[in-house]
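I opened my notebook today to look over a protein with its ligand. Here is what I had on screen.

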Amino acid sequence: MSQPLLKAESLTIAFAGIKAADNVSLEIEKGEFLAIIGPNGSGKTTFLNLCTGYIRPVSGEVYLEGEPITGWAPRRIARQGIARAFQIPQLFTDQTVRSNLLLGIASRQGVWDGLKPLARRRYQEEADELLELLGLSAHADAIAGTLPEGLRKLADITLALALKPRLLLLDEPTSGVSALERFSIMETLMNAMRTKGLTALFVEHDMEIVERYADRVLVWNSGSILAQGKPAEVLQDPRVVETVVGV
Ligand code: ADP
């Protein structure tokens with residue numbers, strides 16, 4: 001059997017005596033679309049920070065396809081294949097969507113060779129492919145700051161995908177977006193993930209989104225995993241209803 005894409009083993013970290021991760025262990029398989037839910041302050045963001053190197057655990061290990069990455073700098077982990085699209089989009093708001101993406105693609109190379117014609121053409125082709133994948137071709141020349149929130153979120157995801165990640169981490173991909181738009185963002189995102197065979201972990205507060213799109217859901221509570229499994233089953237669990245769904 002192939003090893004999990006990401007494995008967290010007994011991760012523990014406390015802030016001012018409160019455990020934000022309390023001996024957390026979990027595995028993410030390749031190709032999974034995994035949701036994280038839980039009340040505010042339960043440790044969801046801390047887990048993402050532990051995976052991306054922004055926080056070091058007091059104890060425990062994180063493995064990416066078997067390689068221990070615990071304690072690595074965030075940049076090194078990003079280069080190794082864990083990309084994070086932040087809740088607040090990180091686009092240069094005064095640049096076009098395409099320029100943002102070209103910068104993202106060029107930055108992956110580590111050296112700036114974007115002025116060489118051959119490299120430019122290659123980057124442009126790659127940018128166009130990503131824009132099409134996320135349904136943004138018609139907005140390629142729009143100034144990023146003028147895009148409506150839903151499209152900005154998709155544009156932000158193209159930036160994360162430009163890093164060619166093995167694992168994509170998303171903080172509430174549909175927050176701040178109208179109910180109608182939420183589903184279309186998720187449909188687009190899901191199709192892109194399936195087309196590319198990508199693996200993603202997303203923090204979400206909307207249970208309808210979780211139920212409809214996640215392959216698996218992890219329920220966080222007080223720095224621990226309260227429950228995990230298929231959304232249809234987990235979201236019916238009385239402990240989960242009491243802690244998250246019914247809140
Ligand atoms: P969630 O994402 O589920 O809302 P967080 O992971 O942000 O939860 O927070 C979990 C707990 O850890 C909270 O009590 C929060 O106040 C605390 N915490 C998280 N990050 C820090 C930090 N950098 N410094 C101090 N306390 C933190």
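**Entry 1: the model**

I noted at the start that this is a predicted model.

**Entry 2: around the ligand**

Which residues are around the ligand? I listed Phe-15, Ile-18, Ala-20, Gly-38, Asn-40, Gly-41, Ser-42, Gly-43, Lys-44, Thr-45, Thr-46 and Trp-220. Next I looked up the elements that give two or more residues to this shell, and they are β2 (18-28) and α1 (44-52). Helix α1 gives the most, with three residues. I also sorted the shell by type: four residues are nonpolar, seven are polar and one is charged.

**Entry 3: two domains**

How is the protein chain divided? I found domain 1 (1-79 + 196-247) and domain 2 (82-164). I wrote down 27 Å as the distance between the C-alpha centres of domain 1 and domain 2. The contact takes six residues from domain 1 and four residues from domain 2. On the domain 1 side, α1 and α2 (74-80) each supply at least two residues. Here α1 gives the most, with three residues. By type, the side of domain 1 that touches domain 2 has five nonpolar residues, one polar and no charged.

**Entry 4: the nonpolar core**

I turned to the largest nonpolar core, which holds 71 residues. Which of them touch the most other members? They are Leu-168, Leu-169 and Val-219. Helix α5 (residues 149-161) gives the most to this core, with seven residues. The core draws at least three residues from each of domain 1 and domain 2.

I then picked Val-219 and skipped its neighbours within four places in sequence. What is left in contact with Val-219 is Ile-37, Gly-38, Ile-225, Leu-226, Ala-227, Gln-228, Val-234, Val-240 and Val-244.

**Entry 5: Leu-64**

I found Leu-64 in strand β4 (residues 59-64). Is Leu-64 buried or exposed? Leu-64 has 21 other C-beta atoms within 10 Å, so it is buried; the cut-off for that is 20 or more. Leaving aside neighbours within four places in sequence, Leu-64 is in contact with Leu-6, Ile-69, Gln-80, Gly-81, Ile-82 and Arg-166. I also checked Leu-64 against Ile-28: they are 36 residues apart in sequence, and their C-alpha atoms are 9.7 Å apart in space.

A reminder to myself: most residues other than glycine have a negative phi.

Glu-65 has a phi near 45°, a positive value in a residue other than glycine. Where does Glu-65 lie? I found Glu-65 in the loop between β4 and β5 (67-68). Glu-65 counts as partly exposed because it has 16 C-beta neighbours inside 10 Å.

Glu-172 is not a glycine either, and its phi is positive at about 40°. I placed Glu-172 in the loop between β7 (167-171) and α6 (179-196). With 18 other C-beta atoms within 10 Å, Glu-172 is partly exposed.

Note on methods
Residues numbered from 1 in each chain as written. Predicted model: local features only at pLDDT ≥ 70, side-chain atom pairs only at ≥ 80, totals over all residues. Near = placed C-beta within 6 Å. Helix = DSSP H or I, 4+ residues; strand = E, 2+ residues; numbered from the N terminus. Nonpolar A, V, L, I, M, F, W, Y, C, P; charged D, E, K, R; others polar. Domains from an automatic or database assignment. Contact = placed C-beta atoms within 7 Å. Core = buried A, V, L, I, M, F, W, Y, C linked by C-beta atoms within 7 Å. Buried ≥ 20, exposed ≤ 12 C-beta atoms within 10 Å, placed from the backbone.
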